[in-house]
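I opened this model to look up its confidence, its fold, its domains and the surroundings of its ligand. My entries are below.

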Amino acid sequence: LTLDFTKNGPAVSPKLYGLMTEEINHAYDGGLYAELIRNRIFKDNKTKPEGWSLVQQDTTTKASIKLIAADPDNIPFDERRHAINGALTTCLRLTVPKGGSKVGLANEGYWGIPVKPSTTYKASFYLKGTGSTPPRRFGPQGAAPAQTPAAPVIADNTAGPITVSIESNDGKTVYASGTIDLAKSTLWKKYELTLTTAADVKPTADARFVISTDRTGLYYFNLVSLFPPTYNNRPNGNRIDLTKMLIDMKPKFLRFPGGNYLEGPNFADAFPWKTTLGPIDNRPGHKGSWGYRPTDGMGLYEFLMWCEEIGAEPLLGVYAGYSLDGDHIDAGPLLKPYVDDALDEIEYVIGDVNTYWGAKRAADGHPAPFKLSYVEIGNEDWFDRSNSYDGRFKQFREAIEKKYPHLICVSTIADAQYPTQKVTGKSPAVLDEHYYRSSWDMWENAHQYDKYDRNGPKIFVGEWATREGAPTTNLNAALGDAAWMTGMERNSDLIIMSCYAPLFVNVNTATSTAPKAWQWDSDLIGYNALTAFGSPSYYVQKVFSENLGNKIIPMSAENIPTQLKPLSKRDSINKVKQISVPTIFYAATQDDKTGAVYLKVVNTLGKVQPVEINLKGIGKVSKNATLVVISGKKAEDTNTITDPVKIVPVTTKIKGIASVFKQKLAPYSVNVYQLQTG
Ligand code: AHR
């Protein structure tokens, strides 16, 4: 391998490595967003209130729970009066016909409630209590109500202490508990209290959240919430362990809110940023794109605060009038409301406090505008085979550039993916390309950008991953990723930004009461309610991002061993000629202020490979260097929730660095050499 210091390489993009995120695999609800109560406003119901169950010590009490106004579009007349506002329209009623023993509601959390020692949790909920009421005199439009069998009259004995606790699922161990006094009231009231665990509590997720009483009556609940400590103690904030893992990756930007999550299955399901603002009491949630209903606790403001907390610049995706079911709105007057909506959204992010949406942001807690350089128009619009993106992109770009000339609009259509679709006229400055591949395909294509036109648009690789291993990727995938990343890094004059996807996965499998937590295999960071771990791919991302200079060092290679890429079934039938792919991949950058050189070399074979490294024209180089290696015994080796650090970077000091030096690359290894020049 030759690093040619006699040539002046181009600058490395300052935003090369970032993050991509969306609500998939319970990335936010049951993931980064720290809320612990599943289905807190009772709108995520298939056949029953998801996540909720009845607790009764004495089954002869004949207590029950029932969703009231479960279908927000078809609320029976008699149930409308239970709505708190336009967002909190569904509530859960606990009926207690007989007092004297513990009766309550239990929430199972997102695959458990995490219990940790000396931890204070903030609980809150809306509650009102009544006795059972006689049938109303009039039904809708004054019609006489339908004759129903007389309901048993239940005495209103609801006023008094209500117990709130975090306890084991069998109810035998109480980890933290408190009481609130329910006023005698038929009107909704919000209650808040804190629950603190003891110092000697053993961490567990085998726990539930319970609100209970021992008195008769009808108890109505809405917006039941429980927060553990959050990163920076931000209210409505993020999980601490996951935030720290992201900070460790040193991301330069965060692409949000998707992905498919931006688009939604239909027009009405696109990310509804306006109803994600303000108190959570006003957030109805929405349908989402991945089979469960997001609470929108992770709203636009929270995305922006998340960026700030991890030191990343927002890269905002705006909905562009095309959804996953294939419906689109052609450019023209019907698209204008969507363009205006995007302009409002941008104003929320960067408008000053004198603008309408900038003032809203200030009221939400952040008077200073956020930094924003890139706005992505839609997501994967190459799937829109009607070719409407050309017009839609233009209409969005013209409006955005007119109001915000400094913003760069990213096109989601790139030649590399669907050459038949194009944005015509003024060429977009940046194209977003997505690649989900096998490790073989990554190795085959790791040099694809060496040949790209340097006079065309810049490239944002806005989603990519080597898809091997589930729910998180394995070492072989990490070797595919690392090879691919050397290609992006060598070409980081062209590849101005890149981000892996998906970022997060809740790794819980299905239980008797909750479905499997994830929808997409091959993810970067895995977790359950209690702990988190990085995949081998996560560590590749981390070491690549940590070890990056600001100048590309031109490199060349000789005698790189190759291996034959296996043919797919179809290729065998079609008698496609087998190709060879390299087994060593490389890239190098230099920090021209400190003189540090970062050389990355990937060995994809399961045996040691010797390399000779020639630092052509380097001048002075320190004999001692640091080597960071990610490797394993088997390509399928991986990290899991129970074995979280099997594959991690190992740092050693090495000697004998000279203008030409030899190294032995460990089997299945990603190697980062930190050399010092000058
Ligand atoms: O990352 C998962 C999905 O893959 C994204 O939502 C979508 O943009 C892509 O097709």
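**Ground rules.** I am working with a predicted model, in which local features need pLDDT of at least 70, side-chain atom pairs count only at pLDDT 80 or more, and totals for chains, interfaces and linings use all residues. I number residues from 1 along each chain as its sequence is written.

**Confidence.** I looked up pLDDT, the predictor's confidence in each residue, from 0 to 100. The protein chain has a mean pLDDT of 95, and 96% of its residues reach 70 or more. I noted an ipTM of 0.99 and a pTM of 0.96 for the model.

**Fold.** I found ten helices and 33 strands in the protein chain; these are DSSP runs numbered from the N terminus, helices being H or I of at least four residues and strands E of at least two. The radius of gyration is 28 Å, close to the 26 Å from the globule rule for 678 residues, so the chain is as compact as a globular protein of that length. That radius is taken over C-alpha atoms, and the rule is 2.2 Å times the number of residues to the power 0.38. The C-alpha trace spans about 90 × 60 × 60 Å along its principal axes.

**Domains.** The bounds I used come from an automatic or database domain assignment. Domain 1 takes 2-11 + 556-676, domain 2 takes 19-28 + 233-548, and domain 3 takes 52-227. The C-alpha centres of domain 2 and domain 3 lie 37 Å apart. Their contact takes 14 residues from domain 2 and 13 residues from domain 3, counting C-beta atoms, placed from the backbone, that lie within 7 Å.

**Ligand.** Which residues are around the ligand? I listed Glu22, Ile24, Gly258, Gly259, Asn260, Asn379, Glu380, Glu463, Ala501, Pro502 and Trp520; the cut-off is a C-beta atom, placed from the backbone, within 6 Å. This shell divides into four nonpolar, four polar and three charged residues. Ala, Val, Leu, Ile, Met, Phe, Trp, Tyr, Cys and Pro count as nonpolar, Asp, Glu, Lys and Arg as charged, and the others, Gly among them, as polar.

**Backbone.** Most residues other than glycine have a negative phi, and most peptide bonds are trans. I looked for exceptions. The bond from Phe256 to Pro257 is cis, with omega near 0 degrees, and Pro257 is in the loop between β13 (253-256) and α2 (260-263). Ala470 and Pro471 are also joined by a cis peptide bond, with omega about -5 degrees; Pro471 lies in the loop between β18 (458-466) and α8 (475-490). Trp111 has a positive phi, near 55 degrees, and sits in the loop between β6 (103-107) and β7 (120-130).

How values were computed:
Contact = placed C-beta atoms within 7 Å.
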